[in-house]
Amino acid sequence: MKDIINILLLGSGGRECAMAWKISQSPRLGNLYVAPGNAASYGTNVPLNPMDFEAVRQFVDTHDIDMIVVGPENPLVEGIADFFEEHPVKIIGPCREGARLEGSKEFAKEFMVRHHIPTARFMSVTEETREQGMHFLESLQPPYVLKADGLAAGKGVIIAPTLADAKDTLADMLDGMFGGASDTVVIEEFLTGIECSVFVVTDGEDYKILPVAKDYKRVGEKDCGPNTGGMGAVSPVPFADNEFMDRVTRQIVEPTLKGLKEEGINYKGFIFLGLMNVEGNPFVIEYNVRMGDPETEVVMPRLASDIVEIFEGIADSTLALKPVEEDPRAAVAVMLTSKGYPGTYEKGKEITGLDTPADVLRFHAGTRRDTLGRVLTDGGRVMALVALAPDIAEAAAMAKAEAAQVDFEGKYFRRDIATDLVD
């Protein structure tokens, strides 16, 4: 084990910014490179496309990289871990087969059924079974959940309020609404409850659970409007108490890891469990094979342990020896977004209010610097403002106050983040 290690972090969003911030605090870190990165400066940005595996390999070889941390899902689904299987670099992320838990909703649902993991009733539909899919919708109660089988940038889930809407949506999805990602559509029974996100790290044998979070997916306040990649997040989650988490561990985490081993999948990395708390019982809504966004922006500040040590535990199968400790404070993230998001939006708006010191973390998501060094918007989700405080109410107030100070043309943010969790 090297004392000092060089790390290449793949990605450019708020998740990667929060991870870079956490990695940069490790005494074990030598150089941190972020590919392609954004306007944040916790590491050195490099103009690499994470999907160009050969270019990534060349960079690894020429810059003495010891570890690759894969932020987004696409490189994992396309097999970056398999590409580096014979290379000495350590890679944090599962193999292509393991990444099917996120890459295919159909595979994930069938995996849950095989291993008796609680989840909603479902049916997978293709063009050939379109009519059966329509009949299955008729057997359900509204609202109706339809999911593109493949990756759709976090926007492939549609909740239809009426049967007519659901049938129209199914037809649109099968007709190419999400391109090839919706050649297969998973129809699910709607579960009523409260969502939360549980993050597991595993080395294939042992596992640790990171701080639990809850995100806010709808663009509008009071959870209205279309789904987004996430408008904010909170950690800890009050209802995720010891009793609930014991059920999560026994009914979901351990059967998932046991199932992966039984199917011969050597899984090393993150497993993100999107859960629904239905009257105290956890059900899996979805698996993801990386950290969530914007949940990472509240999980990393509450992780009191050295993330690089945890990464080494994952890569070297020594995770059982690595402590995972939590900061007792609450964290709340409020996401600033561009006007029009999650639909069409403009880029290139100058961001102001960043030159004053703040007790709030500013995790860049869709930003870039121009030739004059100004920070500009470069995405739909622009920046997560994250506050740590003794309780959720105080953290939320701090984050929202900062959201009012940081500014750019067309700025929008939800002012009700965390209010549902405050008495």
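1. A salt bridge, as used in this note, is a side-chain nitrogen of Lys or Arg within 4 Å of a carboxyl oxygen of Asp or Glu. Arg57 and Asp61 make one, with their closest N and O atoms 2.7 Å apart. Both residues sit in helix α2 (residues 53–62), four residues apart, about one turn of the helix. Helices here are DSSP runs of H or I with at least four residues, strands are E runs of at least two, and both are numbered from the N terminus.

2. Before going on, some ground rules. This is a predicted model, so local features need pLDDT of at least 70 and side-chain atom pairs count only at pLDDT 80 or more, while totals for chains, interfaces and linings use all residues. Residues are numbered from 1 along each chain as its sequence is written, and side-chain values use heavy atoms, with hydrogens and water left out.

3. How exposed is that first pair? Arg57 counts as partly exposed because its relative accessibility is 27%, and Asp61, at 42%, is also partly exposed. The scale runs like this: buried is under 20% relative accessible area, exposed is over 50%, and partly exposed is in between (1.4 Å probe, protein chains only).

4. The structure holds 35 salt bridges. Take Lys147 and Glu188, whose side chains meet at 3.0 Å, N to O. That pair links distant parts of the chain, with Lys147 in strand β7 (residues 144–148) and Glu188 in strand β9, 41 residues apart. Lys147 and Glu188 are both buried.

5. Arg368 and Asp378 form another salt bridge, their closest N and O atoms being 3.6 Å apart. Arg368 belongs to strand β20 (residues 367–369), and Asp378 to the loop between β21 (375–377) and β22 (381–389), 10 residues apart. Arg368 is partly exposed at 34%, as is Asp378 at 31%. There is also a network: Arg28, Glu309, Glu312 and Lys322 are joined by salt bridges that share partners.

6. On a 1 Å grid over the protein atoms alone, a cavity is a set of points where a 1.4 Å probe fits but cannot get out, and lining residues have an atom within 4 Å of a point. Grid points are joined across faces, edges and corners, and a volume is the space filled by probe spheres set on the points. The structure has two cavities of 30 Å³ or more.

7. The largest cavity has a volume of about 90 Å³. Its lining has 13 residues, with Cys17, Ala20, Val34, Asn38 and Ala40 nearest the centre. Helix α1 (residues 14–23) gives the most to this lining, three residues. Cys17 is buried, at 4% relative accessibility.

8. The second largest cavity holds about 50 Å³. Lys147 and Glu188, the buried pair from point 4, are among the residues that line this cavity. Helix α6 gives the most to the lining, with four residues.

9. Last, a look at Thr228, in the loop between β14 (224–227) and β15 (232–235). Is Thr228 buried or exposed? Thr228 counts as buried because its relative accessibility is 3%. The Thr228 side chain reaches the backbone oxygen of Lys217 at 2.7 Å. A polar atom of that side chain also lies 2.8 Å from the backbone nitrogen of Gly230.

Conventions: Polar contact = N/O pair within 3.5 Å; in protein donor to acceptor, adjacent residues only side chain to side chain. 1 Å grid on protein atoms, 1.4 Å probe; cavity = no way out; pocket = protein on both sides within 12 Å on 5 of 7 lines; lining within 4 Å.
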